[in-house]
Amino acid sequence: QVQLVESGGGLVQPGGSLRLSCAASGSIFSINGMGWYRQVPGKQRELVASITSSGTTTYADSVKGRFTISRDNAKNTVSLQMNSLKPEDTAVYYCNAKYPVFYGMEMDYWGKGTLVTVSS
């Protein structure tokens with residue numbers, strides 16, 4: 001089993017910053033992609049940012065220029081630095097990790113989520 005634990009969520013004013021962190025533990029041999037997703041009630045969970053094992057990043061258009069994802073492969077952690085936060089960034093943020101199970105196939109693991117609330 002693999003466990004993902006997020007931290008860093010909370011209440012922040014518009015324009016403020018938060019840094020989310022996620023630590024993976026358990027039966028870890030390798031991790032392909034890691035990322036952050038977010039979800040609000042009534043909406044589909046959406047990708048915020050992802051990063052491959054080699055460091056290639058992908059961002060949702062809505063967060064480009066404001067959020068930065070990074071990972072430490074040795075520590076099996078991934079972080080999301082969120083700057084210039086907007087009320088529409090309010091959501092539960094979930095850490096995601098993709099593990100290879102066999103050639104060409106991956107298994108998704110998810111953290112339980114951390115709430116980010118952007119409000120004045």
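Q: In what order do the 4 strands form an open sheet, and is the pairing parallel or antiparallel?
A: In this predicted model, the 4 strands of the open sheet follow the order 1-3-8-7, and their pairing is antiparallel.

Q: What makes strand 1 and strand 7 the edge strands?
A: Strand 1, covering 2-7, and strand 7, covering 67-72, each pair on one side only, and this is what marks them as the edge strands. From one strand to the next, the twist of the sheet averages 15°.

Q: How do you know that strand 3 and strand 8 pair?
A: Pairing requires at least two bridges between the strands, and strand 3 (residues 18-26) is joined to strand 8 (residues 77-82) by 6 bridges, so the two count as paired. These two strands run antiparallel, and within this arrangement A23 stands opposite T77 in strand 8.

Q: Why is S84 called partly exposed?
A: Buried means under 20% relative accessible area and exposed means over 50%; because the relative accessibility of S84 is 41%, a value in between, S84 counts as partly exposed.

Q: Where is the place of S84, and what is its phi?
A: S84 lies in the loop between strand 8 and strand 9 (91-102), and it has a positive phi of about 50° although it is not a glycine.

Methods. Residues are numbered from 1 along each chain as its sequence is written. This is a predicted model: local features need pLDDT of at least 70, side-chain atom pairs count only at pLDDT 80 or more; totals for chains, interfaces and linings use all residues. Side-chain values use heavy atoms; hydrogens and water are left out. Axes are lines fitted to C-alpha atoms, for helices over the stretch in contact, and angles run from 0 to 180 degrees between N-to-C directions. Buried means under 20% relative accessible area, exposed over 50%, partly exposed in between (1.4 Å probe, protein chains only).
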